[in-house]
Structures are given as C-alpha cells and as structure tokens.
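Please keep the sequence and the model in view while reading.

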Amino acid sequence: MKISGKLLPLLLPAILLASSLPASGAANIIIVNVNAPGVGFNDPTPATPVGGNPGTTVGQQRLKAFQFAASLWGSILDSPVPIYVQASFVPQTCTSTFAMTGVAQALQVFSDFPGHEVDHTFYHVALANKLAGADLAPGPNGTDADDILATFNSDLGTPNCPGTVGWYYGLDDNHGNRTDLVTVLLHELAHGLGFQSFVNKTTGANLAGMPDIFDVYTLDDLTGKHFPQMTDAERAAAITHTNHLVWDGLHVTLTAPGFLQRSTTPLLTVLTPLNLIGTYRVGPSDFGPPLTSPGRISAVVRALDPADTAGASTFDACSPLTNASAVNGKIALVDRGSCAFVVKVKNAQNAGATGVLIADNTGVSPPLRPGGTDPTIVIPSVLISTRDANDLKAALANNSPVVVSLGINPLVRDGASLFGLMELNAPAPSNSLASLSHWDPIAAPNLLMEPLINSDLTHDVDLTRQVMADIGWFSDGDGVPDGRDFCLGSSRDATVILGTCNSGVPNTTFASGCRISDAVSDCQASPGNHGSFKDCIQDLTKDLKSNGVISGKQKDAIDRCAGSY
C-alpha cells in the first residue's frame, strides 16, 4: 500500500526548474531545485563567500549549504536508490513572536513492500526504497515522485520577518548570532528520512488507519503500550504525557548514556506504587530552598483544611491544616487555587510538612514555576501537572502508599526516563509542529532533534543516527533479524573479544551505531562450520583494514582470536 502527495500543507512555488545537484556518499541525496527564476536558489543577489561556502550569490550559497547537509546525511546512510529532495526557498510564516525557518517531510509512504521488516506499517518513501532496493515511486523530478519535500524561509532576517536574524550560509558552523542553515537542514532532512510520526497530534488517529515505523518505537512508559497497540484516544493522551512518552529503540537506548549528562533538573521520582514508578516533571517554586541531590524521600499525604472564606476547597491549604498529624514529616499534596502559593506552602510547613506538591489545575505541562516571596518558608515546593496530580490522587484514594523522592535524581540523565529511555516531546496542550516527532527539550546537552535549533549545536547528527538505525536504515532489507539488521549490543567491551580471547583491538563504533563486535556476532550467527566462521572473520578484518579502521597488526590479532575461538 502507498499514500502519495503532500502529507502536510506546505507552500510550493509555481514554477519548476529541472536543476539538481548529486551528493556523494553511501546514499546519493540529490537536491531538486524547484524555485522560480530570480528567487530562492536562483536569487542573483551578490554574496561574499563565507565559511567555506564559495557561492558568489545568495542563491548559490543556499544551494551549496543544502548540498553540504545532504552530503553529510548521504555519508551516514546507505541506500542503492537515489534520494530526491524537492527543495525551495520561499516566504514562510513570520510574526512578531514566531518565524518558521523551514520544514521537510516525506512525500509518500509505503507499507508491505518487498524487503519491509514490520507488516502493515507505513515507511517514509526514502527508507522504503532502500529496503526494497528499488524506486517504489518512479517519475519525473519536481512531482510527488520525489522523496522529500523541503521548504525554507527566504524572508528570515528581512523586514518581512520582524525580530529574526538572518541565515548563515557558511559550512564551518561559525554562525555567531545568525541562524545556521546547515544545522537546520540536518534537522529537517532527518524528518523526511524517518524521524517523523504521521499520527494526528489532536485526535491520535493514524494516517489512513495504519501505524508508521516511527510509532513502532514510541511508548507510553506508564501504560506500557506502544503507539500501534493504542486506540486513537490513548494515542492522543500519550502525545501530551510529558516525561512518559519515550523512544525504546535498542540503538538509541544503548547509546543515549554516552550523549546525555547526569541530571541537573529537579524532578519528582515516584517510588511507589508500582504502576506509577518513574520521573515526573515539576515547576520549582521561586521561594523556599532549591531542590538538591539526591533529594528527600517521603510519603505523600493530601493536605486537608476547612472550606471557608480563604478557600472553598478542603484540599487547597488556604487555611491552617486540619490533618497536621498526618502531614507531619511527610510531603503534602495541595490543590492550586483560591490563595497565593506562599500561603499554601506556609500552612503545610506549619503542619510539619517536609515538602509540598501543588497540583496544577490548568492542564498545562511541563508545569510552570510558582511565584511569590516569603523568606520564612524553609521547605521545598513544586507545581506538578494536572495529569500527574490526578494519578497521585487516584493512588491515595485507593489507599496505595505513595512514596516519592523530590529533588535532583543522580540516577537519571537529562532527557531520559528513570529507566534510560529517551523522552519524546510531549507538552500539554499538544503542538502540531513540535509534539511527538522531536526529543524533549529537557535533554542536555542539546540535541539536533529538539523542537528548537539551539545555538550551541554543531554539524553533528548525534542520536539521530541511532534513530535511523532503529527504524531500519542500516538493515539489509531481507526482513531477517540478523546482525546486518540490528546492532544487538552483544558487547560493550572496549576491545574486540572472541570467546576468551581478547584481541586488544579497539571496539570501534561505526556511523550506524554498530560496533566491530556486532559484525563479529553476525559472523557467529551465519550458518556454517568453524571454517566458515573463520572465513567470515577474515573477510571482515580485510574490509576493516582496507577502509582504514584497523591496522594490519590489529587484523592479525582478530584473526588469531578467531582461530582459537
């Protein structure tokens, strides 16, 4: 099955030019220029070469920056089928507070084609072509037969786009305060290559009633369901489940610890009940002491107070608490509303609470920081989202003990869950542009596929490479889950070890996320006797040596280990 045509409402120019530039690399990514004469890539405005970009007009510099980014992705991916990017620079949305830099998407999706790995699942056309080993959507350039549609804002930095800085067309990442086009291109091309879900962000409905390959690895870690297992309503809810919408592809999960720093972000970590274990986003208050590591562990108790003129609710802590004995030594859960944040926290503190969770009532997530000033408050307090608060309230109502740690959790990395799964962006309410198909911006250091392009990014695809490995970009297209399809992380050793024989050769990680040990495991998985295994290893080491990955001495060391294995 295939679906063709524009999957998102993007602006296309009226005139097609048949110019294109081929890219070099393991995948041939070709830029198809569809701008009208005199605009976009054909803008004749003189420009001084900058940052390794030799173009002498604005149009030339744009095209060369495109080609540079395409070549980088082409050197990482592998495909026997050229990838055509239908590209243009045209005016895009600009307001006093927002400007669209650009957008890219797959032009078609396919399912159940020869070489697919997951049945009844849509694949982005470039990936589908790679797995099939053939162009599934042949046709002339400049039509829906191309693979990726990429449209970028020609007005950036002009009076037509107030409050924005202009593009930097250099190839050296020395962009200063300007917007680095190459970085933006690497981000947007990744969407077109597969870092994109086609689920409706509002309704949770699948495209044409079928999941896509991105959804296969998209998980709500509290419900334990992946997107293909969910109803539309469940997907819609998961899309706004901040901190709990995660990616559980193997390559990303194994590699993420090497990219992310130990957490410096205040979090609520739920330790019991079992069904709520995990980390929850909080908004630390502007008053009281800051949250620290490892945080304070305590049971949670709902604070009770009279329903009076200070606050109509018996849970808002706007008056002195009536269950002080239960709150004493515990973390108090109070509702937002009726009175100031400092009043609630001070009443809880007077009752002996060691901390306060303020249940938001706006439905917004991640939660904002509660404001206020009171130098006499000496316990920490945070705002938690309406949804998270309701989960805690439901557990307490069911007489389930709720025990939490409030602080900076040293076991967590910024951007990953308590169990090490990368968090996808899941704000509430959902955002049609930013939700789901990006990492959560809490990630540190900043990553390419966060919703916004951060100024400290370099021309590196970081964990995006591992996402491509998870969805199938480095598989052999035979549908058989062997070492050529998946890097199973069989060895995280620093050197290549075969059985009990340590070759001493560094266990190099390749662009695909696979290591030398994964290739060795593939030889082990191949049918045949010990002689076949040795032959496979010798072919492998020969290739590694010819490509400059290992030396001749290192080749001999691995071959010797294979002989004794």
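## A cluster of rings

Which residues do ring pairs link into a cluster? In this predicted model, the cluster consists of Phe-41, Phe-66, Phe-89, Phe-152 and Trp-167, joined through ring pairs.

## Aromatic pairs

A pair of aromatic rings is described by the distance of the centres and the angle of the planes. The count of aromatic pairs comes to 12, and one of them is formed by Phe-41 and Phe-66, whose ring centres are 4.9 Å apart and whose planes stand at 90 degrees, so this pair is edge-to-face. The two partners come from distant parts of the chain, 25 residues apart, with Phe-41 in the loop between β3 (29-33) and α1 (58-76) and Phe-66 in helix α1 itself. Phe-41 and Phe-66 are both buried.

Phe-195 and Phe-214 also form an aromatic pair, which is tilted, with 5.3 Å from centre to centre and 55 degrees between the planes. Both Phe-195 and Phe-214 lie in the loop between α3 (181-193) and β11 (218-220), and the pair therefore ties together parts that are 19 residues apart in sequence. Phe-195 and Phe-214 are each buried.

## Charges over rings

Phe-89, one of the members of the cluster, has the charged end of Arg-62 over its ring, at 4.5 Å from the ring centre. Elsewhere, Arg-302 is placed over the face of Phe-315, where the distance to the ring centre is 3.8 Å.

How values were computed:
Residues are numbered from 1 along each chain as its sequence is written. This is a predicted model: local features need pLDDT of at least 70, side-chain atom pairs count only at pLDDT 80 or more; totals for chains, interfaces and linings use all residues. Side-chain values use heavy atoms; hydrogens and water are left out. Rings of Phe, Tyr and Trp (its six-membered ring) pair if their centres lie within 6.5 Å; planes under 30 degrees apart count as stacked, over 60 as edge-to-face and the rest as tilted. Helices (H or I, at least four residues) and strands (E, at least two) are DSSP runs, numbered from the N terminus. Buried means under 20% relative accessible area, exposed over 50%, partly exposed in between (1.4 Å probe, protein chains only). A charge sits over a ring if NZ of Lys or CZ of Arg is within 6 Å of the ring centre and within 35 degrees of the ring normal.
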